[in-house]
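Here is my note on the model you sent. Keep the structure open while you read.

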Amino acid sequence: MLTYQSDGCRKVGGAQYADQMANFAVTMVHGPGWDVSRPIREQVGWDEHATFMDGLVDDGFVIIGGPIDGGEGAMHLVEAADEPEITSRLAADPWASMELLQVGSIRPWMIWLDGRQLSVE
């Protein structure tokens with residue numbers, strides 16, 4: 001049974017879910033600037049890219065993310081209004097302008113199961 005509580009959360013069975021912005025699964029793939037002879041942390045501009053990505057986490061844009069397939073790309077769970085917001089924000093990554101990474105796919109993702117604990121402030 002689905003019910004809505006006074007705090008705006010949905011209660012389904014015994015679990016409670018908060019309504020949120022849309023979630024997307026975003027894959028990133030290597031661009032033509034990627035140096036296959038170097039590991040990820042030795043790519044040109046690593047520090048600037050890492051700082052940029054940390055900022056996206058701090059902003060609540062990237063929820064979780066990291067390399068996949070042995071470092072052949074990356075996947076991120078992103079919270080955003082729509083796909084144009086995602087492409088715009090990721091275009092500001094220093095690795096985007098250096099053509100090291102580019103968006104591979106953006107797929108809407110309805111998160112129904114989430115074992116992470118919500119922080120209470």
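The points below cover the sheet, a helix and the salt bridges.

1. **Ground rules.** This is a predicted model, in which local features need pLDDT of at least 70, side-chain atom pairs count only at pLDDT 80 or more, and totals for chains, interfaces and linings use all residues. Numbering starts from 1 along each chain as its sequence is written, and side-chain values use heavy atoms, leaving out hydrogens and water.

2. **The sheet.** Four strands form an open sheet: 4 strands in the order β5-β6-β4-β7, with antiparallel pairing. The edges are β5 (62-68) and β7 (101-108); each has a single partner strand, so one side of each lacks a neighbour in the sheet. From one strand to the next, the twist averages 20°. Strands here are DSSP runs (E, at least two residues), as are helices (H or I, at least four), numbered from the N terminus. Two strands pair if DSSP finds at least two bridges between them.

3. Look at β5 and β6 (residues 73-80). They pair in the antiparallel sense over 6 bridges. Valine 62 sits opposite valine 78 in β6. Strands of a sheet pair through backbone hydrogen bonds.

4. **The helix on the sheet.** Which strands does helix α2 lie across? Helix α2 (residues 83-91) lies across β4 (22-30), β6 and β7. The helix runs at about 40° to β4. Such angles run from 0 to 180 degrees between N-to-C directions, with axes fitted to C-alpha atoms, for helices over the stretch in contact. Contact means heavy atoms within 4.5 Å.

5. The structure holds 4 salt bridges. Each is a side-chain nitrogen of Lys or Arg within 4 Å of a carboxyl oxygen of Asp or Glu. One of them joins the side chains of arginine 89 and aspartate 59 (2.8 Å, N to O). Arginine 89 lies in helix α2 and aspartate 59 in the loop between α1 (46-58) and β5, so the pair ties together parts 30 residues apart in sequence. Arginine 89 is partly exposed at 24% relative accessibility, while aspartate 59 is exposed at 55%. The cut-offs are: buried under 20% relative accessible area, exposed over 50%, partly exposed in between (1.4 Å probe, protein chains only).

6. **Other bridges.** Aspartate 114 and arginine 116 meet through their side chains in a salt bridge (2.7 Å, N to O). Salt bridges that share partners join Asp59, Glu85 and Arg89 into one network. Arginine 38 and aspartate 35 also form a salt bridge (3.4 Å, N to O).
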